[in-house]
Amino acid sequence: MQYLREDLLRIDECWIAARFDSLPHVVHILTSKDRDAAAQFLKEQSDIIEDVVDEVVHSYHSGFNRAIQNYSQILKLFSESTESISVLRVDLAEAKKRLSARNKQLHQLWYRSVTLRHIISLLDQIEDIAKVPARIEKLISEKQFYAAVQLHVQSVLMLERGLQNVRS
């Protein structure tokens with residue numbers, strides 16, 4: 001990069017201006033006593049500038065090219081994402097519509113499921129209570145009177161609670 005700086009220092013100030021005006025150079029060449037030397041100087045300045053520009057373009061071309069490709073890819077991905085989001089919104093609206101239509105049916109099925117689970121629980125308790133007399137007789141035959149009385153009391157309490165649940 002040092003040689004580029006040296007080349008830039010050799011360029012005349014008028015060539016560095018943001019807006020180049022060629023008319024003074026043409027007039028200078030045409031009015032000059034040594035037109036060939038003036039034209040040659042102009043050609044050398046032009047060659048130096050071309051060399052510097054070519055070197056800068058060559059140095060930064062691949063990076064700039066990659067940046068443009070990456071930017072293009074990012075834009076493409078954003079476009080695809082936007083399309084996907086649009087499709088997703090439509091699908092979500094459709095799903096919401098379908099679920100709201102079935103919401104009443106789902107609620108009825110859920111309520112029926114809860115009721116059936118409660119009935120199954122009550123039937124299990126009834127089955128357990130139905131086995132109590134045989135268990136009490138067994139405890140009495142084994143002369144475990146206290147355990148038999150406790151089982152009887154627990155069963156009566158369970159029956160009372162169960163009957164209250166059935167009423168409500």
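**Ground rules.** I number residues from 1 along each chain as its sequence is written, and I work with side-chain heavy atoms, leaving out hydrogens and water. Since this is a prediction, I ask for pLDDT of at least 70 for local features and 80 or more for side-chain atom pairs, while totals for chains, interfaces and linings use all residues.

**Fold.** I looked up the elements and found six helices and zero strands, counting DSSP runs numbered from the N terminus (helices: H or I, at least four residues; strands: E, at least two). From the N terminus on, I read α-α-α-α-α-α.

**Contacts.** I took a contact as heavy atoms within 4.5 Å. Among contacts with a separation of 6 or more, 55% join residues 24 or more positions apart.

**Surface.** I got an accessible surface of about 14,800 Å², 60% of it from carbon and sulfur atoms (Shrake-Rupley, 1.4 Å probe; for residues, only the protein chains shown count as cover). Of the 168 residues, 12% are buried (under 20% relative accessible area; exposed is over 50%, partly exposed in between; 1.4 Å probe, protein chains only).

**Salt bridges.** I required a side-chain nitrogen of Lys or Arg within 4 Å of a carboxyl oxygen of Asp or Glu, and found two.

- Asp 47 pairs with Lys 43 at 3.0 Å, N to O. They sit four residues apart in helix α4 (residues 35–130), so about one helical turn separates them. Asp 47 is partly exposed at 30%, and Lys 43 is partly exposed at 44%.
- Glu 127 pairs with Lys 131, with the closest N and O atoms 3.9 Å apart. I noted Glu 127 as partly exposed at 44% and Lys 131 as partly exposed at 45%.
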